[in-house]
Amino acid sequence: MSSASQVDLVLVIDTSASMRPCINALKQHLRELIQPVQGHISKLRFGLVGVSATSHGDQHIYRVETLAGGTDSLSALYDNSTQTEFFSLESSRVLTALDNLNPSGDEDNLLALDIALDHPFGPIATTKRVVALFSDEKIESGVQRSAVTAYIPRIINKLHARRVKLFCAMPYSDGAQQLSEANGSEIEDVAGGQGLSSVDFRTLLGQIGKSISASSIQGGLEERYERALFGQDEWVSIEDGWRDSDSN
Amino acid sequence: MPEMLPVFERKILERGTPNVLLQFNASRKVLRLSIDEVGSPDKWFFIGDIHGDFFALHTLLREAEGRHPDCRVVFLGDLVDRGDMPFECLFLLLDWGLRRPGRLAWIAGNHDIAFSIGHQGVFRSQVHPAELLGDLNKRDFLNGFRQRLGQFFIRVASGLPRALLFPDGLLATHGGFPLVDLHPQGAAAETEDAFIEWLNSPACLKDFTWTRIHRKPKAIPDRYSSGSQYGFRDFEAFCALKPHWFPISRMVTGHEHPRDGFDLHPTYVVNPALTIRGLGFDEMRQGPGGLATNYTDTLYLAQGVRDALPALIKVAVSYEQLGMLHGIVAETPLVGSPTKPSSPSTGSNTKPVASAVPEIAASTPLGRVVNETKHISAISREDDRNLVVRGSHSTGIPAPLGKPQGSKSSY
């Protein structure tokens, strides 16, 4: 039985202060995600996005982590730097990157999701593209608050255009309901707060792994899509992270 | 098998031949069946995705006929890919239909209609993985048989219906129905004929075959992808579109492969839905025994019930016969398979099924054919020159359905 040649999986972690227990649980059970996929997929590549933010009046300072590094990796992502590796075949690199995350501040999950969707996924004809988001806060929470929901239809369109299957473990809300209407998306309703400490990660990751293994991909051409929905490709780097250049 | 192909070509594809497959090559592919055409609902049986699982197809066809000698069978599509006996399944299904004219409806699955012929006669598929492609595009040592078989399959698939509506409101389809973004066009139809024409438009036909059922309330149609999901509110909206012209109240589908063999979709309350899986192999866990490893202990067939979802019939699997078909000697353990009695004559299996659907007592149809004298014992496909159906006098695998006992498996 043949199968798709590659799965690109981007883990999106809310790295706000409350999420430390979740990150530890993710590390502990990551193999539960890998096991069902192995044997059916010849290549499983990992990506990682962690976003947290702090507000200073109208200004938001973001800290962004990817598998390619910290703040500098964001400019590499939007400069289309071919030298920078945003995916890795080695789960140990993901574990190390998870270790290096330093939860603090507030969340901005839609921005994190958007950065994940801008990742340089493998060819659409041979790659299952998956994003798995973990947060203990509602999608509407965080530094951008009510403005966030206006972006959800654009995020959904981008999910469709990029043929990305979305898994979210986060508290249910109107925004989550909207996101769940995206084709292929699965929202796991979890209790809010305390870093998803009540979540059975072993089962959850196992389910994601099985779903990745079972779903088939369709060929076709790469569609045009809107990059950097929040304008993050034009943000400026400062000492503590990234600053929205329009928010002065 | 090569000698059977001309028979199928002549009897199924030639002009002027009465449609041996129900609604095959009809001018419309989404059709309402009349009360006269349907008759008693309980003679109608539904089979979900088969995907090259010869054993499952054979078992389920025999079960249907065993339960009702004048049965009608609706195969909900996806005959090929994934499993290792796609050609055998094609020939078995068509043979069954040819011997029972007008009693087999094969609804197109996305894997069935995905094939086309590209540059220099190379076969292509819109789906991936598409295991049949590898078979069709192998170097042909059989005087063009593969090329001809592929062309035949494409022609047959193009003539298949996409959905059938029964008089009591049951919609039988592979995937689903036209998604909500298409509904305004249907709502604008001013006559029944115009509405049916809309249902038969290319966009709607695609949705009947490719869309996927989901437990969520609503889904935003994804027109970048063929296999966009829908939710129960979307189905309710479709049912409410033109109920006087196309009165749908519930649905039976394939396309998904529920791990338990069926899915009653608990969120589909107002307009219920049932998805059944025909194949028995475990797509995720195959061992040295190939498809026979971790094979299910129960296959599911569904039988029509007036004004309700079809009833589920559980059919116990004989691992002995399954193993013989796949060339596994009895001593080879089928990893993960529950121990089964060697005699397939007792198959009572009372796994509980949700009470919303009437359950029909289980049986093991294979038990009725143990003593037939001549039947297929193995189909070997180790290499591309070895597409051979071997006759045998053993008592393992039952004869092709309807074949006179003692005859060879050819025309």
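**Exercise 1. Work out how α4(A) passes α5(A) and at what angle their axes cross.**

Step 1: α4(A) passes α5(A) in a left-handed crossing (the near helix is turned anticlockwise from the far one by less than a right angle). Here, helices are DSSP runs of H or I, at least four residues, and strands are runs of E, at least two, numbered from the N terminus.

Step 2: This is a predicted model, where local features need pLDDT of at least 70, side-chain atom pairs count only at pLDDT 80 or more, and totals for chains, interfaces and linings use all residues. Residues are numbered from 1 along each chain as its sequence is written, while chains are lettered from A and ligands numbered from 1 in the order written.

Step 3: The axes of α4(A) (residues 109-117) and α5(A) (residues 152-161) come within 11 Å and cross at roughly 25 degrees. Axes are lines fitted to C-alpha atoms over the stretch in contact, with angles from 0 to 180 degrees between N-to-C directions.

Step 4: The two helices are therefore roughly parallel (angles under 35 degrees).

**Exercise 2. Find which residues of α4(A) and α5(A) meet.**

Step 1: On α4(A), look for A:Leu110, A:Leu113, A:Asp114 and A:Leu117.

Step 2: They meet A:Ile155, A:Lys158 and A:Leu159 in α5(A); contact needs C-beta atoms, placed from the backbone, within 7 Å.

Step 3: Among the residues that A:Val131 touches are A:Leu113 and A:Leu117.

**Exercise 3. Find the strands that pair with β9(B).**

Step 1: Three bridges join β8(B) (residues 163-165) to β9(B), running antiparallel (pairing takes at least two DSSP bridges).

Step 2: B:Ala163 has B:Thr173 as its bridge partner.

Step 3: Four bridges join β9(B) to β12(B) (residues 250-253), running parallel, and B:Leu171 partners B:Met251.

Technical notes:
Contact = placed C-beta atoms within 7 Å. Parallel < 35°, antiparallel > 145°, perpendicular 65-115°, else oblique. Lists of a residue's contacts leave out its neighbours within four places in sequence.
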